[in-house]
Amino acid sequence: MASASYHISNLLEKMTSSDKDFRFMATNDLMTELQKDSIKLDDDSERKVVRMILKLLEDKNGEVQNLAVKCLGPLVSKVKEYQVETIVDTLCTNMLSDKEQLRDISSIGLKTVIGELPPASSGSALAASVCKKITGRLTSAIAKQEDVSVQLEALDIMADMLCRQGGLLVNFHPSILSCLLPQLTSPRLAVRKRTIMALGHLVMSCGNLVFIDLIEHLLTELGRNDNMSTTRTYIQCTAAISRQAGHRIGEYLEKIIPLVVKFCNVDDDELREYCIQAFESFVRRCPKEVYPHVPTVISICLRYLTYDPNYNFDDEDEDDNAMDAEQNDEDYQGSDDEYSDDDDMSWKVRRAAAKCLDAVVSTRHEMLPEFYRSVSPALVCRFKEREENVKADVFHAYLSLLKQTRPAQSWLADPDAMEQGDTPLTMLQSQVPMIVKALHKQLKEKSVKTRQCCFNMLTELVNVLPGALTQHIPVLIPGIIFSLNDKSSSSNLKIDALACLHVIMVTHPAHAFHAHVPALVPPVVACVGDPFYKITSEALLVTQQLVKVIRPLDSQSEGSDSFDPSPYINDLFTCTIKRLKAADIDQEVKERAISCMGQIICNLGDRLPAELPGTLLIFLERLKNEITRLTTVKALTLIAGSPLKIDLRPVLPDAVPILASFLRKNQRALKLCTLAALDILLRNYSSAVTPVMVDAVLAELPPLISESDMHVSQMALSFLSTLAVTHPSSLGQLSGGNILQQLIALVRSPLLQGGALAAMLDFYQALVSTDTPGLGYMDLLRMLTGPVYSQSAALPHKQAYCSIAKCVAALTRACPTEGPAVVGQFIQDVKNSRSTDSIRLLALLSLGEVGHHVDLSSQPELKTVILDAFSSSSEEVKSAASYALGSIAVGNLPEYLPFALQEISSSKRQYLLLHSLKEIITVRGRFGLSVLKHCGVRRKEPRSVVAGVWANWQLIVETLLPALKDTCSQVPSCARSSVVAVKFRDLTNHSPSTRCEELHSGDGSFKHTVERWVGPEEGCVRYMYTLLDSCLDKLFVLRLNHVGRVSRTTMTSVFLLTQFSTVSEVVVVFSNAGVLILARLWSHNNPSAVLQRLLVGTRSHLHRKALVSKIPCNIPAEDADQSQLTPRVPPLPWQTGLYCSI
């Protein structure tokens, strides 16, 4: 500490030097010392340092002053509180100085000190003391009308302090408000703007009384409307308050909006601009309260979107005027000289209207049909806007409309969607010609910004409606080529044009471009040779797609035979090979060049006999490079899969060992791509793949067949299946080898399912068909079932028994002659009283899997054996018997289905038999109505199975929903619970719109009494999440009100107040499920709307409990009402349990 004090003393001495360089270096060294965490200052050193820094603020040299200000930041955290107060007092005094330079540097110093204070939430006494001391000086400085520059600096500091430390100044808020309000009428516009900024930060933390006083003052002044200039200021202030505290101003919108609408009709462009900006703020920050006024806002915005009094020509003469403008450019420029646009403010009004429409479109997803009827045509007509900035905002608004349409992709998956009248997609489809016509005129504009907007529009349009531009390609291609050839085009414009061309080519049929290939190839080839790597990369991507266009390999492609690609092959190959050979280019260009050349060889390799060998050698070199090997593997996979049968034999001896070595690399993507490449090489080039090559690959496979990565295991199994077909002699080494051991271990894994399980079954069928010694049917059967029959240890998981049973069934299907004997043995195992539960379980599952594909009606004992197994003491054996009966019935419905239905009617084992019927319906999709009569039994379990049967019935659309509705009204409450329990996910996956319209009553609600044991909280959350997942766009149209049931005794419930676009009800969700629902709403709906409902009515709850930690909350504890400690939840039907209103 002594050495530090001595060093600082030396620095302080140098700061008094007459040489400015000495002072500068000493100040810089002091700042370095103060930034060290280990620095400790005694009282005397603190006093000296503070005094010197404050003195240097008045230094004649500006650089020294700047360094001294920077020292204040670390100094505040190193000195005691009274020294900080000294600094603040001095800075406040200097801020009132007559010297402008000292005043400016002191203002910066105050902002630096405020920025270094601990946040208000930390409860720091230092921050509170300093802020209170500064506030008094600032309010007095603001109140002085003599010096405007002092006012501006004081207002700037006040706004900064309110933003950072507003919660600590609760007692000063009334005085701050009374100080700021008079400044709204200041003759200086700069003072008014900074006052508005300060008031915006004030409302974030002030109490209700202060907020009410502010709003009442604004309403009074707006109603009085004494002066147009001050009226503009009050409108701006209202908009600023809305942006900062929309959840608080919402309740006053009924008074504010009529005033704003009235001022929109005043002949004052600046006032109109501010009014429309206020509307935009209301729409974004007060989505619930502004909803009744949205039509009015849209009407005003549409009116002023076309507000251009200086260029008000008729629509009929538009084309003629535009043509005259092009042909008589000099005369047109002469007319501009006669009139100047410097005084024209109408463009600001139009820009504000476009931005407000953007806000409405972005936040009102449920109004999409209305937008396409009214807003879309108006925006398209304004693509002709003469002011570039306004035109960009018009394009952005339409982009928002297209992006809002994208979440409605469930209409594309619904085959009945286009038959349901005007949907957003169908309406957009009908407007495509109008959009293309408007964009066609803009694509050849001189403005780079305008053309970029056009390309962004086209890209988004084809993403929403793939193939929509097929009929308009001839109109659009010239505009794209113009931007690619134009020497004045910027790099970003060329990149956007190429990206747009690529997306259009991907989403449209190849024949639509055949007529334009001669015009497209030269500019694209030129872009491939561009020196800027980003243009080259994008051009290579377009070239790759262009190759698919000029010669599509799909035999069904229209016009593919009539188009001759020969004239363009050389140009495309030459430009790509040049980039492929270059070693000193960007990594992205290298990868794109490899991919592009792979596509050229895949589609055009038979037209390049002389160039092919050299190109393949380049691929071999890139395969050895660690940076490019992954992309090269993908390219080789593409070439090997080409229907042209490209000759790869020259490189296979070198390539296959390299590929085999990749299987041991610690790069998952490389392993997967390598396995895919090896599989396709083995399929298409089996004659060229030698046993030595195969052995090299087999040596690397055992570590890949593991439950740690099922996808890699699946690819390895697919390779082995292909190997069994193409090189069966190579499988001899599997017997007793590591690969077979890994396979058996994987079969017993509880994780084996899906694609990996299917690949395993295919492999066993291929393997047993090879008749390899030691790998015959009985050999493999013993390997699979041996551990169960040896009774050495039970398998750890039931899934292992299921997997083994499926493998046994796969082997039996491949060797049907072995089937009867094995089935008979399994029947005896089930009958044998000495068989363990594990053996019975495996035998029953195997019988079910075999019977699923093979008719077992020739086994007379089978029905009796399965029914006897229903009486087993083991629940797993009974479940396996139920599954076996259902699967066997699938193999012979006429024999076993009547038997199952008869047993359901006469037996007491309805639960197990209904499970069997559920299995039949899952596969066959029939006979669901036959179980309706079983939904009224008293026991809960059979009713649950009935619900599962309905949910798995694939013909549910045509016949089941009316039956469900009839059942709801005719059966007792216990049966009604089964109807409610039908899984929404299975209902909505087929036709979301149909489900949402069917599953609600006449008054828009879905209400059924559910007993208290049903668990309505969990069901409600599941239904809600499934609806959001399947038909979010339809739910908003139907005005989803609320879902929930509040448990009075559940203290862990999380109350999330959310806004569902058009309504303001409450969603009560529980634990983690609530977070999932909120996240889905946040991503698909208006985030500010969700945030608003999180804030309304829960201010003190958020303040004290930190319900949402990332939401800034400057609510003072003094203003908190104890009645607000619990969120306001509207009354819900406690007695009826579940309530789901749709």
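**A helix pair and other contacts**

Modeller: In this predicted model, helix H38 passes helix H39 in a left-handed crossing. Two packed helices are described by the angle between their axes and the distance between the axes. For H38, which covers residues 777-790, and H39, which covers residues 798-814, the angle is about 165° and the axes are 10 Å apart. Because angles over 145 degrees count as roughly antiparallel, H38 is roughly antiparallel to H39. On the H38 side the contact involves Tyr777, Leu780, Leu781, Leu784, Thr785 and Val788, and these meet Tyr801, Ile804, Cys807, Val808, Leu811 and Thr812 of H39. Sorted by class, the residues where H38 meets H39 are 10 nonpolar and 2 polar, with no charged residues.

The axes of helix H24 (residues 473-485) and helix H25 (residues 491-507) come within 9 Å and cross at roughly 150°, which makes H24 roughly antiparallel to H25. Here, too, the crossing of H24 past H25 is left-handed. From H24 the contact draws on Ile473, Ile477, Ile480, Ser483 and Leu484, while H25 contributes Leu493, Lys494, Ala497, Leu498, Leu501 and Ile504. The contact of H24 with H25 divides into 9 nonpolar residues, 1 polar and 1 charged.

Leaving aside residues up to four places away in sequence, Leu379 touches Leu305, Leu357, Val394, Ala397 and Tyr398. Between the C-alpha atoms of Leu379 and Lys391, which are 12 residues apart along the chain, the separation is 9.7 Å. Tyr398, one of the residues that Leu379 touches, also takes part in a cluster in which ring pairs link it with Phe383 and Phe395.

Thr27, located in helix H2 (residues 20-34), is likewise buried, with a relative accessible area of 0%. With residues up to four places away in sequence again not counted, Thr27 touches Met15, Leu56, Val64, Leu67, Ala68 and Cys71.

The aromatic rings complete this account. A pair of aromatic rings is described by the distance of the centres and the angle of the planes. The structure holds 7 aromatic pairs. In one of them, the ring centres of Phe211 and Tyr252 are 6.1 Å apart and the planes lie at 55°, so the pair is tilted. This pair links distant parts of the chain, with Phe211 in helix H11 (residues 208-224) and Tyr252, 41 residues apart from it, in the loop between helix H12 (228-249) and helix H13 (253-264). Both Phe211 and Tyr252 are buried. The rings of Phe763 and Tyr764 also form a tilted pair, because their centres are 5.9 Å apart and their planes are at 55°. Phe763 is buried, as is Tyr764.

Conventions: Residues numbered from 1 in each chain as written. Predicted model: local features only at pLDDT ≥ 70, side-chain atom pairs only at ≥ 80, totals over all residues. Heavy atoms only, no water. Contact = heavy atoms within 4.5 Å. Axes fitted to C-alpha atoms, helices over the stretch in contact; angles between N-to-C directions. Helix = DSSP H or I, 4+ residues; strand = E, 2+ residues; numbered from the N terminus. Parallel < 35°, antiparallel > 145°, perpendicular 65-115°, else oblique. Left-handed = near helix turned anticlockwise from the far one by under 90°. Nonpolar A, V, L, I, M, F, W, Y, C, P; charged D, E, K, R; others polar. Buried < 20%, exposed > 50% of the residue type's maximum accessible area, 1.4 Å probe, protein only. Phe/Tyr/Trp six-rings, centres within 6.5 Å; stacked < 30°, edge-to-face > 60°.
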